[in-house]
Amino acid sequence: MEELVKDLEARKRAIRERDGEKRVSSQHKKGKLTAWERIERLLDRDSFSEINPFVTTRVTDFGMDKKRMPGDAVITGYGRINGRKVYLFSQDFTTLGGSLGEMHAQKIARIQDLAMANGCPLIQMNDSGGARIQEGILSLNGYGAIFKRNSLASGVIPQLSLILGPSAGGAVYASGLSDFVFMVRGISRMYITGPDVIKRVAGEEIGHEELGGADVHAQVSGVAHFAHETEDECFKAVRRLLSYLPQNAYEVPPYREPDRGLASDEALDKVIPLDPEESYDVHEVIEAVFDAGSFMEIHEEYAMNVVVGLARLNGHVVGIVANQPEFMAGVLDINASDKIARFVRFCDCFNIPLVNLIDTPGYLPGSTQEFDGIIRHGAKILYAYSEATVPKIVLIMRKAYGGAYIALCSRDMAYDRVLAYPTADIAVMGAEGAVAIIFRKEIAAAQDPEKRLEELKRQYLEKFGGPYLSASYGLVDQVIAPAETRRELFRALDSILEKQESRPEKKHGNIPL
Amino acid sequence: MAKEIKAKMLSKILEVKVKPGDAVKAKDVLLVLESMKMKIPVRTPIDGVVKSVEVKPGDTVDRNSLLAVVE
């Protein structure tokens with residue numbers, strides 16, 4: 001037995017040390033950590049157990065039998081983050097470029113199955129040159145096996161993807177199918193076809209970072225939810241994000257004792273300007289209302305006209321969707337619609353109540369938006385909120401016009417509780433536009449059309465402005481002073497936290513994509 | 001440490017409230033932009049002295065255009 005254990009230990013050591021100094025330094029020279037270092041830094045200390053370290057490729061073509069490596073260029077296993085279980089894989093770029101062959105894919109698929117069966121989050125650490133060409137179609141089919149599992153696990157367990165090197169070609173879809181994508185500036189790159197192919201096919205010259213770096217995906221494409229300076233910063237964000245999430249769709253998010261009470265905050269009375277043309281930063285409201293320092297913004301640099309993220313309200317995790325008046329007046333456009341709908345659906349999957357903070361003039365007008373399909377993209381917001389059965393609270397802070405009112409505030413469409421500030425302006429459109437249409441003839445016939453318009457606008461605002469007409473219809477449940485926001489939002493949440501709602505039984509819906 | 005203040009989006013400069021050499025406190029408004037018919041105050045994130053102002057009223061700026069430097 002002693003001999004056998006010695007042999008086992010030697011084999012394990014060989015695998016663990018397979019990287020050797022040369023391989024480790026080749027990775028470090030690129031500014032990257034090794035696959036093992038990543039696991040150690042991400043997880044709680046000494047919590048990792050590897051699964052299938054001895055697996056290796058069965059293919060012998062093109063000299064693969066001589067390049068064979070135990071582990072097949074990916075480390076898979078399970079460990080803990082903040083004491084809670086996670087399953088993960090970490091691709092090893094120093095072995096065969098982290099390329100994905102048949103057995104590499106099988107190892108990943110196995111981890112996915114285990115994560116699903118045990119109801120634990122899945123963390124995918126990508127650093128791979130792509131399909132292993134020597135393994136041909138076996139490699140491609142391997143991707144298929146992984147993507148199917150990503151799709152089936154969607155809405156069952158949280159799936160997080162970290163792009164810590166290249167992720168190119170079909171490989172990107174394991175991340176595309178995930179709930180959250182994290183990237184690191186300078187080392188992450190993600191694209192369907194790289195710069196070389198683009199140059200050959202389209203004649204366009206573009207660098208790796210410009211085509212598929214962290215900033216591109218965090219700011220322009222919206223593929224990445226988070227962009228970080230360093231891998232350590234990225235791991236910290238992953239650990240933080242998981243602290244808001246339940247392990248799976250059958251649990252509720254973790255409660256954390258709040259470190260502030262529900263006392264009123266007079267400073268909030270001064271945040272929302274009375275002049276409708278004056279903007280402010282909605283982060284100020286979020287910071288003042290939710291538990292101190294608890295807001296974790298998602299898609300921070302993408303479609304900044306809307307702010308979304310997770311926070312705690314008196315200890316309970318909530319998902320916040322807030323218009324940002326400071327950016328494009330807080331309008332809804334195609335990108336904002338996608339950002340909101342995706343976030344709302346995530347929250348609904350994982351039992352996270354939603355809080356909308358509303359101040360938006362509506363959907364962005366323009367031919368570009370129409371041609372690019374604002375109708376089908378905007379419809380995603382309606383679909384996502386109508387479908388969601390989690391508690392949903394609205395706070396109308398200022399403007400709530402037209403389509404944006406329907407999507408984000410309409411009682412009969414989706415919302416359990418609608419609160420409003422005295423500054424709320426709820427209407428089909430702004431007063432000026434409304435008056436210009438309703439009284440078109442009268443204004444045209446007036447001696448001084450501009451003066452008449454102003455008069456009518458004032459009359460219109462007196463009658464229809466503010467929250468009280470909507471409140472008289474029962475479409476606003478309560479009007480609150482800004483200073484009381486934290487307490488009122490919490491009480492609204494508390495009153496519907498255990499709400500049960502059902503939806504018609506069906507195979508699945510058909511969200512407009 | 002110098003802090004570069006940049007525009008977040010395509011917008012027009014409505015008002016410039018500071019000039020080089022002015023002392024400013026964090027959250028003071030440096031300039032006011034206009035975009036989508038909305039006035040947008042641009043604030044300094046740090047205490048310091050205005051080192052330069054790169055725009056004047058009426059200018060149009062794009063995302064990431066440099067507006068001012070505070071140090």
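# Reading a two-chain predicted model

User: How many helices and strands does chain A have?

Analyst: Chain A has 21 helices and 17 strands. Its 513 residues include 45% that are buried. Now take contacts with a separation of 6 or more. In chain A, 74% of these join residues 24 or more positions apart.

User: How do I read a nonpolar core?

Analyst: Start with the general idea. In soluble globular proteins, nonpolar side chains tend to be buried together. Now the case here. The largest nonpolar core holds 141 residues. A:F182, A:V238, A:V344, A:V394 and A:I396 touch the most other members. Helix α13 (residues 334–349) of chain A gives the most to this core, with eight residues. At least three residues come from each of domain 1 and domain 2 of chain A.

User: Which residues does A:I396 contact, leaving aside its neighbours within four places in sequence?

Analyst: A:I396 is in contact with A:I358, A:C409, A:V418, A:A420, A:Y421, A:A424, A:I426 and A:P467.

User: A:A424 is on that list. What else is in contact with A:A424?

Analyst: A:G466 is one of its contacts. Leaving aside neighbours within four places in sequence, A:G466 also touches A:P422 and A:D425. A:G466 is found in the loop between α19 (449–464) and α20 (468–472) of chain A. A:G466 is buried, with 20 other C-beta atoms within 10 Å. For a sense of sequence against space, take A:G466 and A:A427. They are 39 residues apart in sequence and 9.2 Å apart in space, C-alpha to C-alpha.

User: Is A:E17 buried or exposed?

Analyst: Count its neighbours. A:E17 has 11 C-beta neighbours inside 10 Å, so it counts as exposed. A:E17 lies in the loop between α1 (2–16) and α2 (20–29) of chain A. A:E17 and A:L122 are 105 residues apart along the chain, and their C-alpha atoms are separated by 26 Å.

User: How do I read a helix pair?

Analyst: Take the angle and the distance between axes. Helix α5 (residues 102–117) of chain A and helix α6 (residues 136–153) of chain A pack at about 10 degrees, with their axes 8 Å apart. Angles under 35 degrees count as roughly parallel. That makes α5(A) roughly parallel to α6(A). Residues of α5(A) in the contact include A:E102, A:I108, A:A109 and A:M116. Those of α6(A) include A:L138, A:Y143, A:I146 and A:R149.

User: How do I read a helix with a buried side?

Analyst: In helix α10 (residues 214–221) of chain A, A:A214, A:V216, A:H217 and A:A218 are buried. Their cover includes β7 (180–184), β8 (189–191), α9 (208–212) and β9 (226–228) of chain A. A:G222 follows α10(A), with a positive phi near 80 degrees.

User: Where are A:A73 and A:N82?

Analyst: A:A73 is in the loop between α4 (64–67) and β2 (74–81) of chain A. A:N82 is in the loop between β2 and β3 (84–91) of chain A.

User: Is A:A73 buried or exposed? And A:N82, buried or exposed?

Analyst: A:A73 has 26 C-beta neighbours inside 10 Å, so it counts as buried. A:N82 has 12 C-beta neighbours inside 10 Å, so it counts as exposed.

User: How many residues of chain B are in contact with chain A?

Analyst: Eight residues of chain B are in contact with 10 residues of chain A. On the side of chain B, strand β5 (residues 38–43) gives the most, with three residues. That side divides into four nonpolar, one polar and three charged residues.

Definitions and conventions. Residues are numbered from 1 along each chain as its sequence is written. Chains are lettered from A and ligands numbered from 1 in the order in which they are written. This is a predicted model: local features need pLDDT of at least 70, side-chain atom pairs count only at pLDDT 80 or more; totals for chains, interfaces and linings use all residues. Axes are lines fitted to C-alpha atoms, for helices over the stretch in contact, and angles run from 0 to 180 degrees between N-to-C directions. Helices (H or I, at least four residues) and strands (E, at least two) are DSSP runs, numbered from the N terminus. Angles under 35 degrees count as roughly parallel, over 145 as roughly antiparallel, 65 to 115 as roughly perpendicular and the rest as oblique. Two residues are in contact if their C-beta atoms, placed from the backbone, lie within 7 Å. A nonpolar core is a set of buried Ala, Val, Leu, Ile, Met, Phe, Trp, Tyr and Cys residues joined through C-beta atoms within 7 Å. Domain bounds come from an automatic or database domain assignment. Ala, Val, Leu, Ile, Met, Phe, Trp, Tyr, Cys and Pro count as nonpolar, Asp, Glu, Lys and Arg as charged, and the others, Gly among them, as polar.
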